[in-house]
Amino acid sequence: MTEYAASELEDLRQSLNDMRDRIGRPGFLEGSGVGNNYPSFVYCYKSQYEPLIDERVQNLEHTIAQTHPEVQVTRIHLFEFAREYLKKQGLWEKSLELARTKGEQFLFTNLTGTLNGKRMAEFFTETVLVKAPGLILVHGVALAWPILRGHEVLKSFPLRIEKKIPIILFYPGTYDGKFLRTFGRFDDANEYQAIPWPY
């Protein structure tokens, strides 16, 4: 069983409560207050809190659905999203077989081209945007890494969305307002324009 530091756990709980409250304020779901920027946000946390974050994001989705029933909340677990895409392409079983016979590293190397940001964004358009979401929550980045990078998918989202739909990326690492570092160690070496949470 994972043990969490009490002080960090309280900070995490408070920050997510603040996020819930911020989402409920007037203007947030309309993308107000971010100027000409797309309302894309990055919430950073330590990777050991991944299971807890997954649970809390699901709770957040449920809470918003109750307090704002008029808002269609779409929650995307990045690994599950990638798996659904591979299943649609008829590649999921083949991928599992490659992992068994040639190892995970071989699989990771060969899947990065298939699961690139552009293709994932197109799949997102086909499967998620039809629901006309008012808020998008993205998590599961740690489980999907390194075969799929969260920022590669999110960079392509605004190009396919006609209105400002807030996106919150729950990120296991650090973000300095310009560059993401997965787990605080791996530099994605790719600029990403988003607003660090809290903002």
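**The pocket and its helix**

Helix α1 supplies the largest share of the lining of the largest pocket, 7 residues. Keep in mind that this is a predicted model, where local features need pLDDT of at least 70 and side-chain atom pairs count only at pLDDT 80 or more, while totals for chains, interfaces and linings use all residues. Residues are numbered from 1 along each chain as its sequence is written, and side-chain values use heavy atoms, with hydrogens and water left out.

The largest pocket has a volume of about 330 Å³. Of its 19 lining residues, D11, S15, Y43, W197 and P198 are the closest to the centre. Two or more lining residues come from each of α1, β1 and β7.

Now turn to α1 itself. Which residues of α1 are buried? They are L12, S15, L16, M19 and I23 (buried means under 20% relative accessible area, exposed over 50%, with a 1.4 Å probe and protein chains only). An α-helix has 3.6 residues a turn, so residues three or four places apart point the same way.

The buried residues of α1 pack against β1, α2, β3, β4 and β7 (contact means heavy atoms within 4.5 Å). On the face turned away from that buried side, α1 carries the exposed residues A6 and S7.

Key
Helix = DSSP H or I, 4+ residues; strand = E, 2+ residues; numbered from the N terminus. 1 Å grid on protein atoms, 1.4 Å probe; cavity = no way out; pocket = protein on both sides within 12 Å on 5 of 7 lines; lining within 4 Å. Points joined across faces, edges and corners; volume = space filled by probe spheres on them.
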